[in-house]
Amino acid sequence: MSRLIHSPAWQALISHRDDMKSVHLADLFAQNPARAQQFSSTIAGLTVDYSKQRITKDTLTALQNLARAQGVLARRDAMFSGEKINTTEDRAVLHIALRNRSNRPIGVDGVDVMPEINAVLGQMRRFTDAVHEGRWLGYTCERITDVVNIGIGGSDLGPRMICDALASQALPSMNVHFVANIAPSDIANLLKTLDPARTLFVVASKTFTTQETLTNAHAARRWFLDAAGDDAFVAKHFVAVSTNHKAVAAFGIDTDNMFGFWDWVGGRYSLWSAIGLPIALYIGMNGFERLLEGAHGMDEHFRTANPEDNLPLILGLIDVWNASFFGASTLAVLPYGTRLGRLPAYLQQASMESNGKSVDLDGHRVDYTTGAVVWGGAGTNGQHAFYQLLHQGTQLIPADFIAAIRTHTPLGDQQAMLLSNLLAQTRALMLGRGLDAVVAEMQAAGLDEAVIARVAPHRVFLGNQPSTTILFPQMTPEAVGALVALYEHRIFVAGAIWHIDSYDQWGVELGKQMAGELLPAVGHAPVVGAFDASTEALLNTIYQHWV
């Protein structure tokens with residue numbers, strides 16, 4: 001077994017887990033009237049109630065002991081100070097510097113990164129102001145009304161999720177669209193709806209070589225030139241978020257309109273950088289900076305709060321508790337309201353690309369559970385779909401319920417109905433309903449005893465399903481910023497406990513490499529002897545239908 005599993009702190013948690021297996025959440029609430037207050041807090045505008053997790057004070061004490069043994073807070077301090085904690089790529093991890101609104105110096109290799117960050121933020125403000133004020137015009141001297149972000153992965157999921165969440169903050173007459181999928185229909189269907197004279201494309205690729213992004217960017221360029229006719233007009237309708245000056249210029253983009261970022265910004269943590277340009281174009285630079293402020297508030301809490309009060313630390317430890325000690329292989333993220341409907345997809349990448357690792361920082365294969373499968377969907381839709389499994393399935397599935405208390409679009413009592421459903425689901429998952437209660441309910445309804453005997457077992461809910469509830473007053477840039485930063489830091493905490501590198505992503509590279517090898521064979525002559533038998537058979541099936 002690994003050093004981690006052998007450690008006294010880990011072994012103490014195994015013993016405590018054995019004691020907790022027979023404990024029901026309903027009993028914990030009955031025994032402790034102050035439980036909700038004891039296991040909840042309000043930080044950076046977010047109220048987080050984790051009292052419905054299968055924990056006690058002893059659980060948190062044991063988890064904090066594990067955090068100390070694993071040096072979690074020392075690793076946190078190393079991140080905030082600019083040390084290269086991404087060891088496999090020898091890089092610092094400084095998405096926190098991008099939203100460092102205090103402007104506290106943060107150094108990488110002895111150089112303060114804040115002046116460069118502030119310079120890019122200034123460039124973003126000048127550009128977005130010019131677009132919004134009508135000083136940046138298209139090739140027919142008309143104002144820009146539509147922004148299309150062309151990216152993939154982190155350069156798509158983050159900005160797309162934030163723009164959806166903050167749609168109520170959108171500036172008048174400004175629309176934003178996203179293209180990521182290389183499937184031709186993704187961009188073709190969008191372009192049919194746009195006016196080339198009023199459309200601005202943001203091409204987001206650090207290297208300006210990302211296959212999917214560049215393929216879609218060239219398709220957009222051809223579509224634009226079919227209308228504009230002159231290559232010189234490309235610079236009026238395309239900008240880039242990249243570091244490759246030569247490739248950007250060759251595309252026809254003025255490099256003065258190239259927005260840079262740094263190798264210490266991982267793609268899944270990059271929405272806070274110039275990758276967030278479509279956000280700033282959509283809600284204004286003031287709104288974007290408010291987003292940064294919200295994240296910075298959570299950063300400062302994570303950086304300075306005592307361990308016993310440190311919310312990201314506590315939630316990250318609970319994630320480890322559920323995954324590594326109770327065998328929970330998934331985490332359901334359940335936002336109530338459509339604005340955060342893309343949050344589960346965003347967090348899939350943030351969590352699964354970060355902690356989907358099977359080798360530790362010392363290069364050893366791990367012998368314990370690491371990252372969970374993150375999934376979910378918007379409530380109340382999910383209640384009529386997959387919640388059945390949460391309530392009566394055979395798996396332990398921790399769930400996060402998330403909602404804004406007030407809506408920007410009030411309509412009758414619909415928001416109250418939405419919130420009552422959220423609260424009911426967390427309560428039902430916790431309490432369940434035993435056989436005696438089911439039988440009594442059916443008897444009160446006048447049902448025949450034979451029917452009761454046959455049906456009652458199917459209506460039993462065991463309960464004791466763990467959940468966390470996150471509420472905030474309204475869907476503002478500050479609240480969304482704090483929410484995303486909270487998840488980023490709890491992902492970090494779990495990775496630090498598991499002693500893995502949460503900031504590399506070598507697992508995505510092999511598929512890219514093989515796709516490049518296979519591309520010349522797709523749709524061409526039958527293939528024999530070049531690949532495995534299954535791949536060759538599939539290539540030949542494609543060839544049969546290609547012509």
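Predicted model: local features only at pLDDT ≥ 70, side-chain atom pairs only at ≥ 80, totals over all residues.
How far apart are the mean positions of the positive and negative charges of the chain? I looked this up first: the 41 positive and 52 negative charges have mean positions 3 Å apart.

Residues are numbered from 1 along each chain as its sequence is written, and side-chain values use heavy atoms, without hydrogens and water.

Next, the overall build. I found 24 helices and 13 strands (DSSP runs numbered from the N terminus: helices are H or I with at least four residues, strands are E with at least two). The C-alpha trace spans about 80 × 60 × 60 Å along its principal axes.

I then checked burial. Of the 547 residues, 52% count as buried (under 20% relative accessible area; exposed is over 50%, partly exposed in between, with a 1.4 Å probe and protein chains only).

Last, I picked histidine 95. This residue lies in helix H7, residues 95–98. Is histidine 95 buried or exposed? Histidine 95 counts as buried because its relative accessibility is 2%. Leaving out residues up to four places away in sequence, I listed what histidine 95 touches: Met79, Trp264, Tyr269, Trp272, Glu488 and Tyr503. Contact here means heavy atoms within 4.5 Å.

Technical notes
Lys, Arg positive; Asp, Glu negative; His and termini not counted. Charge placed at Lys NZ, Arg CZ, Asp CG, Glu CD.
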